[in-house]
Amino acid sequence: MTLKNRIPFELSKTESFFEKLGEWIGDVFYDHLPEAGFELRDEQVYMAFQLEKAFKDKKVMFAEAGVGTGKTIVYLLYAICYARYTNQPAIIACADETLIEQLVKKEGDIAKLEKALSLHIDVRLAKSRDQYLCLNKLDKLIIGSDDEAFSMVHERLPHFIHGNQSMQSFEKYGDRKDYPELTDEQWAKIGWDSLEDCFTCENRHRCGQTLHRDWYRKANDLIICSHDFYMEHIWTKESRKREGQLALLPEHSCVVFDEGHLLEFASQKALTYRFSERVLEILLTKLMANDVRENTLYTIEDLLVQNEQFFYQLKQSAFMNEGSDKLTIEKNAAIRSHGKQLLTLINTLEEELVLESEMYTINEYELKIVEEYLEQISFSLSLFLKEMNGITWLEDNDGERTLVIMPRLVQEIMKEEVFSIKKPYVFSSATLSENKSYDYIAHSLGIEDYLSCQVASPFNYEEKMKIQMPAFSSQDISKKCGYAFEQIVHTNGQALVLFSSQTDLIAFKQFCHGKRLSFPIYFEGDAEISTLVSQFQNEKESVLCSVHLWEGLDIPGPSLENVIIFSLPFPPNDPVFTAKRNAVTDPFSEVDLPYMLLRLRQGIGRLIRTHEDKGIVHILINKEEDRQVIEAVLSILPAEVSSDRKAPSKG
């Protein structure tokens, strides 16, 4: 296909691409989209011509645009045209895995653009590895489990998986979204995890993850992924090349970070090391089943004992943080001593395995997994024992304990690995600035030179939105649950309930259990999240309860006319935010309050998505809340708080 045919406007060899692009963008917003039923928005047109500078000069752009400006349409138009002009796909990185489906759903902006402009947009999703089925884990589970859910997954596998015939054409399978009936807990048993060495796996060329990766790399226009996946691509591309593997993402023309204010945490997360007590135990126990030398066997036995003692000491010195599953570790002499002994034994075993590999008595696949995991543990444990500038915590999920080590600051690495490359990087969100300045986000990501634009929301919130702020005692969660339940009954569903913690969501779920309702309540975790979102959108009278959908959820129309914010979304007192607090002079006003206000603005923004939308927002606050906090909340609300405690009637 020629360049001329691919770009959606005429371009001769002597004409400037950006001049013609500007003319076409103007035609799209003033003529084509209004003719297709789209509303002409001055804010959207302004943002579009601001964004042109980022693409023309290959610079970072912070594009803060309020709800309803249509910012997604703007960045999609530029990304598609620029991808076709450069013959490299554009990357659209969304806040997390739960939101990447939002862009490609049948009611989404990409589908709307295709129809309005008669475009065929080649868009493909690139999901994290844990979003794919692992054939090895499924095969093992089928043998030892009588759970019908897993048998159904096995029966639905394509014929070429276990047959002798080859695959004639690309066949997509194994995506988490393909199994909406499985809970997150069930999926964890058959989804990919870090114990699976894909590079040496005998099912590699029949694996849904591998097949899908080959497919999305060939995208012409757009590849949509999560922030986490994009950062994993950045941190692993060099090591993958050394191992003879392709990078997770292909060469690309530009990157759009949707909900870009969340990128810093994704970059920290991608550099995080995880050391699991149970994983090491499983690997070493498997290794003992092989015909290993006596010295190796003794070393493994000593290592298993020391591993248990080390994690016992960690558990003894760790304490819980309310609203978080991250336990703070107080390093002491006992932890350091047991950690050093464990590290010595790991290094000894690594030497023993070199000798074992020369004797060819251990399964090569298992040996490679063990060697790689021991190397990772050795490195992460040495970081933990040093006085490193990092953040560490312990996770304990039903007795499965994991030591986590995260870097404190990432700006130097981001500056070197990402923003030193001259290409358009667009940050899009309704909440990027702090007091109209972008210095905070720019500094945290190592960005020194950037462009910015700010566009207000076009909606009349005073007319369309009613806000109520009922107060409850912090100790009386049952009354909060009762109020939330009463409100969703009053509006006959049509409600989104946002929680700041899993604990609160579970408490509300238990409160609702057994109560007879004429509409369904969907809880995050009970099924694949994008399926729950789709059901909520398409069933006018339903309720969606979530911990993670504060950003990016786009449900216009009558399916969502009631947003209940169960509590002010302050950050948890976990090690990550403790580190942030320790780095500033006034932790509450510099970390806790800005985070809460930003997240609150995002949550409120779920209600009004079009000029036709209307509804009510309930912000449940503590009676004991400080007046300074209440005033800060009132200052960012798009409409005044109503004194009427009754929810508005539907009309």
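Visitor: On what basis are residues numbered, and which thresholds apply to the model?
Guide: Residues are numbered from 1 along each chain as its sequence is written, and side-chain values use heavy atoms, with hydrogens and water left out. The model is predicted, so that totals for chains, interfaces and linings use all residues, whereas local features need pLDDT of at least 70 and side-chain atom pairs count only at pLDDT 80 or more.

Visitor: How are helix α13 and helix α14 oriented to each other, parallel or antiparallel?
Guide: Helices (H or I, at least four residues) and strands (E, at least two) are DSSP runs, numbered from the N terminus. Axes are lines fitted to C-alpha atoms, for helices over the stretch in contact, and angles run from 0 to 180 degrees between N-to-C directions. The axes of α13 (residues 277-288) and α14 (residues 294-317) are 10 Å apart, at an angle of about 165°. Angles under 35 degrees count as roughly parallel, over 145 as roughly antiparallel, 65 to 115 as roughly perpendicular and the rest as oblique, and α13 and α14 are therefore roughly antiparallel.

Visitor: Which residues make the contact of α13 with α14?
Guide: Contact means heavy atoms within 4.5 Å. On the α13 side it is made by Glu277, Leu280, Glu281, Leu284, Leu287 and Met288, and on the α14 side by Leu297, Ile300, Glu301, Leu303, Leu304, Asn307, Glu308 and Phe311.

Visitor: How do the residues of the contact of α13 with α14 divide into nonpolar, polar and charged?
Guide: Ala, Val, Leu, Ile, Met, Phe, Trp, Tyr, Cys and Pro count as nonpolar, Asp, Glu, Lys and Arg as charged, and the others, Gly among them, as polar. By this division the contact of α13 with α14 has nine nonpolar, one polar and four charged residues.

Visitor: What is the handedness of the crossing of α4 and α6?
Guide: The axes of α4 (residues 71-86) and α6 (residues 109-117) come within 10 Å and cross at roughly 65°. Thr72, Ile73, Leu76 and Leu77 of α4 make the contact with Asp109, Ile110, Leu113 and Leu117 of α6. A crossing is left-handed if the near helix is turned anticlockwise from the far one by less than a right angle, and right-handed if clockwise. The crossing of α4 and α6 is right-handed.

Visitor: Which elements do the buried residues of α10 pack against?
Guide: Buried means under 20% relative accessible area, exposed over 50%, partly exposed in between (1.4 Å probe, protein chains only). Helix α10 (residues 208-216) is mostly covered, with seven of its nine residues buried. Those residues are Gly208, Gln209, Thr210, Leu211, His212, Arg213 and Tyr216, and they pack against β3 (123-125), β4 (222-226) and α11 (227-242).

Visitor: How many disulfides does the structure hold?
Guide: A disulfide is a pair of cysteine sulfur atoms within 2.5 Å. Cysteine 481 is buried at 2% relative accessible area, and its sulfur is 7.3 Å from the closest cysteine sulfur, in cysteine 512, which is too far for a bond. The number of disulfides in the structure is zero.

Visitor: Where is glutamate 259, which has a positive phi?
Guide: Most residues other than glycine have a negative phi. Glutamate 259, which is not a glycine, has a positive phi of about 50°. Glutamate 259 is buried, at 7% relative accessible area, and lies in the loop between β5 (255-258) and α12 (263-270).

Visitor: What is the phi of glutamine 494?
Guide: Glutamine 494 is found in the loop between α20 (477-490) and β15 (495-498). Glutamine 494 counts as buried, at 4% relative accessibility. Although glutamine 494 is not a glycine, its phi is positive, at about 55°.

Visitor: How far apart are the C-alpha atoms of glutamate 101 and threonine 531?
Guide: Glutamate 101 is in helix α5 (residues 97-104) and counts as buried at 10% relative accessibility. Leaving aside neighbours within four places in sequence, glutamate 101 is in contact with Leu125, Lys127, Lys177 and Ser530. Glutamate 101 and threonine 531 are 430 residues apart along the chain, and the separation of their C-alpha atoms is 9.4 Å.
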